[in-house]
Amino acid sequence: MSSCVLAPWDKNKHQNEPPVTRATESQKDFDKNSESAKLRKDLYINKESATFELIAQAEQARTKGDFDQAKRLYEQVLSFAPDNQSAIFNINELQKEIEQATKLEKAKQLANNNQLEQARNEVHDVLLENPQSKLALNLDNDLSEKLGTSNAQPPQLKPTTDKPISLELRDANIKAVFEALSRATGINFILDKDIKPETKATIFIKKLPIEDAIDMVLSSNGLQKKALSENTALVFPSNQQKLKDYQDLKIRSFYLNNTNAKQVAGMLKSMLKTKDIFIDERINMLVMRDTPEAVRIAEKLVMAVDIADSEVMLDIEVLEVSRSRIQELGIVYPNQLAVIGADTGLTLEALKGVNSGTIGVSPNPAVNFKKTIGDVNLLSNPRIRVKNNEKAKILVGDKVPIITTTSTANVGISENVTYIDVGLKLDVEPKVTLDDFVNIKVGLEVSSLGERTVTRNGATVFTIGTRNATTSLRLKDGETQILAGLIQDDERKNASRLPGLGDIPLIGRLFSNQEDRKSKTEIVLAITPRIINNLALPKAEVSEYWSGTESVITDKPQKLIPAFSGGSSAPMTPLERLREQRRERQIQLNNPQEGGTESPNPVPTPAPAPTQDSQPQIIPGEIVVPNANTAPPPSVIIDPQAAPVIDTTNPPARF
């Protein structure tokens, strides 16, 4: 009967079956007898093991890119465990990965068709959802190499010709200037209603690309443009109000893994002067709203900061070698006569009763011939993984109680127990450098229990011996440094002798007791750092890039004077407007031919429109000279090797 009582439960009969069968059959057995503790145990174990196996197989299929197989395995888990959160979460993530794979495949097709910008937009959407996607990162790197350093965002202006042009503008009306540019480039310009019609432009450029020529005209007249389509641009005054009305802004969410959202927000405010930033500390996320150029720079800043910290594995070996020798040899003679029972004091009355029965000697005579040898080797080999610039502590030993007794009048005696650490204590703080060196601050303390002392109240206390070492090391990855020399060498000799007789050479050993104690302890510490992963520096384009000027944030070098520099950065005050009117009036008085009686803009002689029949009559490279009685009109000259001159002396009334 005793063997029956101690017999184990029956083996799990479904443990060798496939995972789904194992779980479903265990559920059926339990449903038949739900009160059986054994069946309940088998059900839990079989379900857990089946879930673990299927999820592991699904992860392997997911890693290989077989999404259909992974989805089927997750669904098998849900067939017997419909509330399994791991399977539900992985199915949702798998669906996202399938959609991302479809986008990446579309991006590859666009890249093969030389539609690089569209392909990069698809890859960018995938990276927003999964910044760690290796396929998306590799494809994005390939597209970046093909696109070069250009980061222009659509829509982009596309002139009808890519040949350079030359401009000669002398106090030309701004509307006529854009009319000339429109006829030369095929781009439609829409002028904002707040552009002053009397604005004059004077500029001379030769053989400049069309886009740079347009930007030069805008910059010199305090204007900016916004591309509405490939052949249409909106031109507006460059002031703060118009920038707020026309400048597009982006919202970008950053989910941070290795840095603090508050610190990143402070960096963006300092570097980019971004004001619209929201921080969610719960998920370590921040959201910013700024111009597309500022958002692109913010992405590079975050990429350079959000880097995983270095980690190092410290392989530590502590060896303590202790040797002790105790030798006690000799005869212990009594050295004291005392009246027995006179601990409280001896009185004259008590002396009357002193006899041989009340007088005692101490210590009792004895012959000592004892030798004790002790060897102790203590080896500790802890291994600890530490994050960069973080502290780690190791304790191998015991917590020894220390009793403190407190005596209080009219209350009594109370005892307090505190515990102190005795043994091996090691404090390390590593700092991993980029050149695979590890700077380590090491604090070592080795303590041990010493002699025992009994207090008057009967409490036992110990003497604690301690040896400390604190240092800083710089070690290469895998280099072993040994800290030795923590040696304690103690030698003591005690002798108890009879006066006179014990001092006689040789014979005196018969009248003495000699005790010799020798102890030697040495501690050796060997520490070996092994870098698990060092700081991964970002690429060159993330470490160094253009950021614009003090007032303009852009990720490309500034080639032109900012359009809103100078007095065009803000509307004129009434006093400045009055001064401007006085200056213009003074100019009219100094040049009577431009004001009053004569028309300031006499109508020039109409020129024929540029048609196929009239093109051969225009000499390429020639500047059209207007009538001498009229103000000099703007002239646009396209490179003679590219196209004929376009005459804009009498532009049509398009504006």
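This is a predicted model: local features need pLDDT of at least 70, side-chain atom pairs count only at pLDDT 80 or more; totals for chains, interfaces and linings use all residues.
Residues are numbered from 1 along each chain as its sequence is written, and side-chain values use heavy atoms, with hydrogens and water left out.

**Salt bridges**

- The whole structure holds 19 salt bridges, each being a side-chain nitrogen of Lys or Arg within 4 Å of a carboxyl oxygen of Asp or Glu.
- E445 pairs with K425 in one of these salt bridges, at 3.6 Å from N to O.
- This pair links distant parts of the chain, with E445 in strand β16 (residues 437-454) and K425 in strand β15, 20 residues apart; strands (E, at least two residues) and helices (H or I, at least four) are DSSP runs, numbered from the N terminus.
- K425 counts as partly exposed because its relative accessibility is 24%.
- K262 and E281 form another salt bridge, their closest N and O atoms being 3.0 Å apart, and both residues are exposed.
- R62 bridges to E59 with 3.7 Å between the closest N and O atoms, and both lie in helix α3 (residues 37-64), about one turn of the helix apart.
- R62 is buried because its relative accessibility is 14%, whereas E59 is partly exposed at 30%.

**Nonpolar cores**

- The largest nonpolar core has 24 residues, and F178, L181, F189, V217 and V235 have the most contacts inside it; such a core is a set of buried Ala, Val, Leu, Ile, Met, Phe, Trp, Tyr and Cys residues joined through side-chain atoms within 4.5 Å.
- Helix α9 gives this core its largest share, five residues.
- Apart from it lies another core of 23 residues, including I384 and V428.

**A nonpolar surface patch**

- L501, I504, L506, I507 and L510 form a nonpolar patch on the surface, with about 500 Å² of accessible area together; patch residues have over 30% relative accessible area and no salt bridge, with like charges joined within 9 Å and nonpolar side chains (Val, Leu, Ile, Met, Phe, Trp, Tyr) within 5 Å.
- Accessible areas come from the Shrake-Rupley method with a 1.4 Å probe, and for residues only the protein chains shown count as cover.
- L506 sits in the loop between β18 (481-497) and β19 (512-533), and L506 is exposed because its relative accessible area is 78%.

Conventions. Buried means under 20% relative accessible area, exposed over 50%, partly exposed in between (1.4 Å probe, protein chains only).
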